[in-house]
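Please look through the sequence and the structure below before reading on.

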Amino acid sequence: MRKPLVHFLASRDNNFNLIRFIAAFGVLFSHSFSLAIGSSDTEPFKLLFGMSFGQIAVDIFFISSGFLIANSLFVKKNLANFLWARFLRIYPGLFVALLFCVFFVGVYFTTYPLEEYLMDTQTYIFLAKNAVLFWGEEVRLPGVFESLPWAGVVNGSLWTLPFEVRAYCMLVFCSIVIHRVIVWSKHTLNERLLYLLIPLLGMLIYISDYFYTFLPISYFSSEDFRLYSLFFIGTACYIFKDGLVLSKHIFYAVVVSLLISTIHIDLFFIVYNVVIFYVIFYIAYIPKGLIRKFNQYGDYSYGIYIYAWPIQQSVIAFMPGISPLKLCLYSFLITALLSYLSWHCIEKKALMFKGRVLFKSKI
């Protein structure tokens, strides 16, 4: 079967919920090694491929997000509606997770007297900064987890969320700028190529920096370029949706190329960055049957992502010296329960308000 990506966009029957669920578990799995022993060096995927399961999972999140968010923005063509929908998807669940970290995990595990912990400004810096996200994340609460292998970090998974929020804003900004540039050029420029240029430049900078560091890290990091590039790779796939063909023959060729590239970590790194988007979209839209039934259970990936780290740190605090695999198992069971509650009691209910906006603004 050979069908362009645009053919699949009319239906919501896809495997993105399952892909994100596996990716969220991948982050939890990788963090189990980092948090249990204080280093990710023994994580199996990192030993085999030079990239941890968690790193690959973050790539999956950003490429998928760039694609789906672009679809949301360009289909609705309403800026207020778009921003309101993004707010409802991220912040209600996050607010509750932050309250959980501060007033449950923090209160229980802090070494400070309770009154001192509750009066400490750092407690509310953690709450306020993470509730905004745009200016970065705050990982520490006073006196919490300070004696663990990964000391003092209450929720390290939040570091990607500011990038995600900024990427949404960048997409809106870029869509407005590109539209204006096209108008000013009297349609002599190719809009689609302009969207493709953004991720290509960013990824070129990152790959170049991977082999030879040249960026002034004190000002910005090549990792910034990578995350934004991944997001805009997803966006570019949406822009080129009518020409991006999903074919099992291409998919098999991609998988074989990935397998062959594992003979050397640097070769795998290059091939992986070139083809990972195709693997994601093929798996998202082509496999059917029993795999599609996962959609009826809900989207638990976000809940797993925002609760896993504090749960893992809590398990380690209760069971010092726990092995990474046991930590992965125990923390996943608890986190899965919290993500289930988060989806059904908070996230899903919040999304019911998506259609309610106060202002209408066309882009």
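**Buried charges and their partners**

Arg 226 counts as buried because its relative accessibility is 3%, where buried means under 20% relative accessible area, exposed over 50% and partly exposed in between, with a 1.4 Å probe and protein chains only. The model is a predicted one, in which local features need pLDDT of at least 70 and side-chain atom pairs count only at pLDDT 80 or more, while totals for chains, interfaces and linings use all residues. Residues are numbered from 1 along each chain as its sequence is written, and side-chain values use heavy atoms, with hydrogens and water left out.

The side chain of Arg 226 meets that of Asp 59 in a salt bridge, at 2.4 Å from N to O, the term standing for a side-chain nitrogen of Lys or Arg within 4 Å of a carboxyl oxygen of Asp or Glu. This pair links distant parts of the chain, since Asp 59 lies in helix H3 (residues 53–76) and Arg 226 in helix H9 (residues 222–239), 167 residues apart; helices (H or I, at least four residues) and strands (E, at least two) are DSSP runs, numbered from the N terminus. Asp 59 is also buried, at 2% relative accessibility.

The structure holds 5 salt bridges, and one of them joins Arg 20 to Asp 299, with the closest N and O atoms 3.2 Å apart. Here helix H1 (residues 16–37), which holds Arg 20, is linked to the loop between H11 and helix H12 (301–318), which holds Asp 299, across 279 residues. Asp 299 also meets Arg 89 in a salt bridge, at 3.3 Å from N to O, and Arg 89 lies in helix H4, 210 residues from Asp 299. Salt bridges that share partners join Arg 20, Arg 89, Asp 299 and Glu 347 into one network. Asp 299 is buried at 6% relative accessible area, and Arg 89 is buried at 16%.

Turning to the backbone, Leu 133 has a phi near 75°, a positive value in a residue other than glycine, and is found in the loop between helix H6 (121–132) and helix H7 (160–184). Phe 145, found in the loop between H6 and H7, has a positive phi of about 60° although it is not a glycine. Leu 133 counts as buried because its relative accessible area is 0%, and Phe 145 counts as buried at 4%.

At the surface, Tyr 108 lies in helix H4 (residues 79–109) and counts as exposed because its relative accessibility is 54%.
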